[in-house]
Each structure stands twice: as C-alpha cells, then as structure tokens.
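Each call below is set against its cut-off.

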Amino acid sequence: MPRINGGVSQSDSLDSDNYDPITHLNTIFSTTSTLPRAPTILTALRAHQDDLTTQISSLEATQTAAHPSHLTSIRSTQSELANLFSKIDAVRSRAQETERAITTMTADIKRLDSTKRNLTLSMTALKRLQMLTTAYEQLVSLGKSRQYRECAQLLQAVIQLMAHFKSYRSIDQIAVLSRNVADCQRELLEQVCGDFEEAFAKGEVGAKKGVLGEACKVLEALGDNARARLVTWYCNASLREYRSVFRGTDEAGSLDNISRRYAWFNRLLKTYDVEHSQIFPPYWKVNEQLANAFCESTRDDFKSILQRASGGQALNVDLLLSSLQETLDFEHSLEKKFAAVSRPSMDSIMSSDDRPQVFGQAISAAFGPYLSLWVEAQDRQLALMISKFRIQQLRNTDDEFSSQSVIPSSPELFNFYRLTLAQCAKLSTGKQLLELSQTFAKYLDQYSQQVLFYSLDTRFGPQGPPIEDIILILNTADYCFTTCSQLEEKIKSRIDTDLKDKVDLQSQADTFMGLASAAIRSLVRKVELDCEPGWREMRNTAWSRLENVSDQSSYVGELLKQIRTPSSIILKHLHKPQYARAFLDNLVESLTNTYITSISQCRPVSEVGAEQMLLDSYVLKKALTDLPNINSDERPPPTPNQAYAKRVAQTTLKIDPLLKTLQVRPQPPEALVQAYLIHIADTNEANFRKILDIKGIAKGREQNSLVDLFNAHRIKEQQAQDQQEAASASSNATNTIAQRRLVSNSAVLAPLQIPSSPSFANSNNSAPHPFSATVSASTPNLPALATGFASGILNAPRDLFGAATPTSESTTNASVAPSRVGTPGVESAGPAVVTDNLRNIGKFFRRDMGIGGFGGRFGGKGSGSGERGSLDVAR
C-alpha cells in the first residue's frame, strides 16, 4: 500500500509487534492541516481490513483442503462431547428421582422419631412435675415440723425442679404451683428468722444451737438475699447494746472511753467464737461482717464527736493522738485476725502493701481531717530519738567488730519511718502524707549532722574517732544513702499523683554521700597522723650537705611502714571496692602534696639532695602503686589495677618538675632559668623566687640577678609564643621554645607557702609544721583546713564552687592546710551550712563513685546499694 502522509507505510506499522495506535495517529495527523485527509485514510484502512479478511478466508480454505483429517477429528470430538453431556443429564435425572424416592420412604420414620422425642419430653416433664408436687408437699410438712436439715435438701430440689418449668408458666396449673412454691419459700424465711429472734430473745441459743445451724442451711438454699437478711439482723441485734451504751452524746461514748469500746467488741467476738460460731457456716464470715458493722458505727460516732470538739475549741491533742494510736492498733488486730493467709508484718514497707485491706481505714478515717496533729506528734518523737542517738555509743565494744556493720541507731530510725509511713498511708495519701515526708527529710538532715557528723568531727576530740568507728560511720552513711532513695520511691508509690513531684529526699541522700566522703577523708587523716614522724625525719635531714646518692634515704623505710600499717587495717575493713578506691586515691593525693610541701620545708636543698629526693619519690610511688594488694596472700602479689596505677602515676608526676628543676646548678644562671621554663613552665616571678629559696639562694644580688634573667627569658618566651599563635605555625616546627606553652601560675608551686627567713640552716625543720593537702580538680573530696575537719566541711563548697574558680592555667590543686579532726564550736557555724556543704560534696563524690547512674572512676556504674541497702531489712 502507498505511504500515508509521507510517514511509515501502513502495512509496516500495523504489522509491527509493538504497534501503538496513538503514536501512529500522531504520525499521520502531525499538524492541523492534515485533518481534512481523515476520510481518505479511513477508506484506505477499511480497504486494508477487507483485504485481510479475504486473505484469512483464503488461508482457511487452503488449510482445510491441505489437511482434511483435522476437520474430521474436530467434528468427531464435538460429537463425543455432545454424547457426554447427554449422559451427564441422564445421571442427574436418575439421582433426583432416587432422592425423591428415599424421602418418600423415610418420611414415616422421621414422623416416628419426632413422636418419640415429644413423648420422651412429655414423660420427663410429667415425672418432674410429679416430683415437684411431691417435694413441695413434703417441704410444707417438714417446714411446719421444723425439720430444717431435710427441709434444706428438699428446698434445693424444689428450686431446681421449678427452673425446668419456667417456660410452662403460661399453663394455669404450673403457674399455681409456682406461686405455692414461692409462698412456701417466703414462709420458711420468715419462720427461720422468727426462730432466730425467739432463741436470742429468750436466751435459748445454746439449747437450739443444732436447730439454728440446720436453719442456716435452709437460708443458704434460699439464696444470698435470705442469708444477708439474717446476717444483718444478727449484727444489729449484737450491736444494739453497744449503740445504746456508747452513744456519741453520752460520756461513755467520748474519746476518753475509746478503750472500753474496743474491749467491749473484743468480748463480743469472744462470745461469737464460743457460742455462735457453730451456728453459722464459716464461709459466711459472720464475725468479719460483725466487725465491719462495728467499725462503721464507731466511725460515725467518732466523726460527730470530733466535729463537736473542734467546733467548741476543746480538742485535746494528747487525747486525740492516744485515741488514734489505739484505733490503729485495733484495726491492725482486726486485719491480722481476718487475714485470708498468713503474711509478714503489715507495717513492713517492702511487703505486699498493695493488697486490699478490709480494715485499713475502717475507723481511723474519722481522724483524717485532724491528722496534722498526729504528724506533729511524730515530729516531737523523732526529736527525742535524735537526742538519744546523739549520746549513744556507736557500737558495743564488747561485741566483735564487723566491717559491714552499721550504727544501730540508723536501722532503728528507718524502722520507725517504716511503721509511721504505713500508719499514715492507711489514714491519708494526700497533704498529711506530704507533711510526713517533709518531717522525714528534716530529721534525716538532723541525723546526718547531729549524729554522724558529730561522731566524725567533735565527739572524739582532736585525734578523731578510731578506725573502726569511722568504718561504722562510712557504712551507715552508705546505708542511709541507699535507704533514702528507697524511702522516697515508697512514699511516691503511696501518695496522690498530684503530689508525687513534691516528694524529694535526694538532697538528704546527697548529704549522706557527703558524709561518706568525709569518712574517707578522715581515714586518710589517720594515715597522715601516723606518717608525721617520717615526715619530721625528712625535714630534719641536712639535704644541703649530701655528697652521694643512695637507693633510698633513711626516713623512707619508716615512712612506708607508717603508710602500710594503717592502710592495711583500713583496706581490710572497706568491703566495697568503690570506697577502697576512693580511700587510695585520696591517700595518694594527700601524700604527694605533703611530700611537695615537705620539700619546700627542707631548704636549702642541694642538687645532690634533690636527686636523692627524686629517687625517694620513685620508691614512694612504687609503694603506693602496690597498696591495693597489701592484704593479698597470693605470691607473687597480683598486678595492680591499671586504672589505679595510672592514677598514681598522674598524681605523683607533679613531684618530678620541682625536683628536676632543683637538680640544676645556679651556675651558669641561664641553665637554671631554662630548666625552670622547661619543667615548671610558668611565668610567675613569685614561683621562681620559691625555687631559689628552696635551693638556698638568699635574697640579694645573686637572687635578683637570676630573677632579672628569668624576666628577660620570660618576656622572650611570651613574645615567641605570641608570634607563633599569630602566625599559626605548624606543630612540626623545630623551635622547641616556641612550641612550649607557658602558664601564668604553676599548679605545683602556687600552693606552697615558704616563710621568709634569712637562715637556711634547717632551723625550721625541728619545729612542727602544718600538713599540706589538696582539693583535686578531678576528685572534689573533702578538704582539710587548718581550723579543723569541720571547718573543712564548711569551706569545701567555697573551694569547689568559689567565685574565683581556678583555670587550667592557674591552680588545679588548691593548697589548703590539713585537718585537725575535731574542732570545738563547729556547730556555731550553723547546722544549715554544714548540711548544705555536705550535700554539695556528696553530689561530687556520688559522681566519682559512679552511683545513681553516673559513670564514676571508682568502679563504673553502680547502684550504691550494699547488703544492708534494702529498706525492708530489720535490724
């Protein structure tokens, strides 16, 4: 065919396997000018369609003529299919006829089955009706003769039989029988209740106990309503005398006679147990319902009495508290008596307190609006307890000491908290419980300050408490820290939801952790006191006259013995690894700083003396590294903990710059100045003068010339440093001087206080001197101040958070004078100051200990709870 619109030929495009009519049409009618040609194209397409039809017909004729057998096969197949369909229709017809025949034959059988079923039902109904009629007649007869045992059995049978005839009540005879049975049940109920009333009124309960017990079975058969009616009558009859005698408007019903109320009811329960318990079935729990009725009546009386008393301003607080306590004890006795199963004390906080309590606030709910007075009474009682705890001995000296023991007063305090919390939660979970939690917090603060801190600081005088007592205080602080958190969670689980956020004992927990830190520092102080003779011998050595260097000085052996002996005892008693590590870290820090301070007091120190001191410091470092294994029986001792060994190395490293600088001779002067700038690496002229004083270079022309030279080099160093920063030189620069970064004040020399004295003949070595201690930037432990251990507590936050916070270029370790454990008059500083400072120290110590979810360096993350940590532990 010719091409259409000059595009692809029609035959080519229409014969394509991927023919797309839209594309073909767009090709033919590519512009609007081609639209008039549409009729011509349509005619061409139709002609092409006719050609195709002719070709198909021709091909079919050709195919038929070429293969005639195929046509014959098709026709044969069609014939066979027709025969098959006719056979299927014949089978279907025969099946339908067979089904109709079977249905006709079994119709009579179905009718017989239906008749048999109906006959069986009729016979069963008639038999049940006969049984019901007979049972009813016997029930009436037995009821009149009060044969309640047989009557109860028949009554159950009658009720069950009547249930089968509910659908037949439209029949007159069945309806009449149903009414007769209902009347009989009503008459039996009235008769039984009348028998009970008569027996109790005439005092014939004992004689008719068996008949009344059988009558209860009749009521059991009559149902719950009948049983509830009898029990209600019994409770009212039993409490009738009580309500008459103890009316709230009479004197006998006042709060003064509350004990008589409870005594009267206890006698009533005893009467029930002896005389009436055999009448009622045990599962009726008549005694429990009687107790509930008594509690409801008593609660209503107390509400009216308290309202009248408060309205007339005549409410006696002592009487109210005593009445409340008696009521709580009475409720507790009822709960214990009627508990379904035996269980631990109801006042145990960690027991299953979420179970429903039948008598939890049965009577005491009347005292709820007046519970604030009860909270005030607990406040007074706690004040007396704290006063008693303050004068008690920390432990019984006759008993064998245990390193895991706590001060007995701490479990006693928390046991009181347990009991008080359980009682208050029964009465109120709102404002009063919040007030009680605030009272708890108040006396936790007082216990930490007036008992633990007092025992640690003032009670034992200047020498401080013995090591065993310090361990007790440490264990107690740890126990109180853990138990505070548990107590807070328990209060939050009891208190109303809108008040949960107001319950906070974390501050008190931090205070106890601060006391733990103080106890650790006190243990370190014990070692410091024992080391005093060794340091005195070091100061009395003539370091300027040494001519040769030996392995170690004479004082080192004695000093190591003085360190190891108390440390061995202390580490044996510290059962928690976190506290043992804290003690060791504090001890290393203290001894290192004391060593540096002693160097400054050994002046003048020659170059040989400085070299000997450096060797001695290595011996001391090795001994401190081995301290954790001092009590180990393994031979050889195990390798020290890597983290601790690294800590010792970092702490003692600050000794080296000082001694290496002192080893340099003053001649030539440039060598000493360069050594100072390399090792000490600061630009402070006062610190450089301290080095000169320690070396014995007296103030005068020689010292001044060295200082002038130092200032010149310092300015040069600073200029080079400024130029390096401005030029942003690479770190691979070859100028080592330009690479050094000088600080404005050395952390090693800044704390040293060197008294100005013209003589350096060791005249100061024979006099007592103050120890030196530090507050580590990484471990903000309790600092020891010259005015005493307690003053250290008062000033610790100032050292830790003071306005003049030291920068990295200034004092990393602030020097403070050591403690004298025990400072009279410390409490004049104010209890709040001591408590707040302990709290701040506790936060830092808790962080380093890794307690409460923080990753600390004393043992990773820990709970801080020990074997005594549970609040439910009774001691």
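Q: What share of the 875 residues of the protein chain counts as buried?
A: The share is 46%. Buried means under 20% relative accessible area, exposed means over 50%, and partly exposed lies in between (1.4 Å probe, protein chains only). This is a predicted model, where local features need pLDDT of at least 70 and side-chain atom pairs count only at pLDDT 80 or more, while totals for chains, interfaces and linings use all residues. Residues are numbered from 1 along each chain as its sequence is written, and side-chain values use heavy atoms, with hydrogens and water left out.

Q: Why is the pair Glu190 and Arg229 called a salt bridge?
A: The term requires a side-chain nitrogen of Lys or Arg within 4 Å of a carboxyl oxygen of Asp or Glu. Here the N to O distance is 2.9 Å, so the pair qualifies. Glu190 sits in helix H6 (residues 172-202) and Arg229 in helix H8 (residues 224-245), so the bridge ties together parts 39 residues apart in sequence. The structure holds 29 salt bridges.

Q: Are Glu190 and Arg229 buried, exposed or partly exposed?
A: Glu190 has 42% relative accessibility, so it counts as partly exposed. Arg229, at 36%, also counts as partly exposed.

Q: How do you know that Lys208 and Glu204 form a salt bridge?
A: Their closest N and O atoms are 3.1 Å apart, so the pair meets the cut-off. Lys208 is partly exposed, at 27% relative accessibility. Glu204 is partly exposed at 27% too.

Q: What are the accessibility classes of Glu532 and Arg539, whose side chains meet in a salt bridge?
A: Their N to O distance is 3.3 Å. Glu532 has 13% relative accessibility, so it counts as buried. Arg539 is buried as well, with a relative accessible area of 1%. Elsewhere, salt bridges that share partners join Arg581, Asp585, Glu589, Arg647 and Lys654 into one network.

Q: Why is helix H9 called roughly parallel to helix H11?
A: The axes of H9 (residues 258-276) and H11 (residues 317-337) come within 10 Å and cross at roughly 15°. Angles under 35 degrees count as roughly parallel, over 145 as roughly antiparallel, 65 to 115 as roughly perpendicular and the rest as oblique. The crossing angle therefore makes H9 roughly parallel to H11.

Q: Which residues of H9 and H11 meet?
A: Contact means heavy atoms within 4.5 Å. On the H9 side, the residues include Tyr262, Phe265 and Leu269. On the H11 side, they include Phe330 and Leu334.

Q: What makes the peptide bond from Arg603 to Pro604 cis?
A: Its omega is near 0°. Pro604 lies in the loop between helix H18 (577-601) and helix H19 (607-625). The bond from Gln667 to Pro668 is also cis, with omega near 0°.

Q: Where is Ala681, and is it buried or exposed?
A: Ala681 lies in the loop between H22 and helix H23 (685-695). Its relative accessibility is 18%, so it counts as buried. Its phi is near 60°, a positive value in a residue other than glycine.

Definitions and conventions
Helices (H or I, at least four residues) and strands (E, at least two) are DSSP runs, numbered from the N terminus. Axes are lines fitted to C-alpha atoms, for helices over the stretch in contact, and angles run from 0 to 180 degrees between N-to-C directions.
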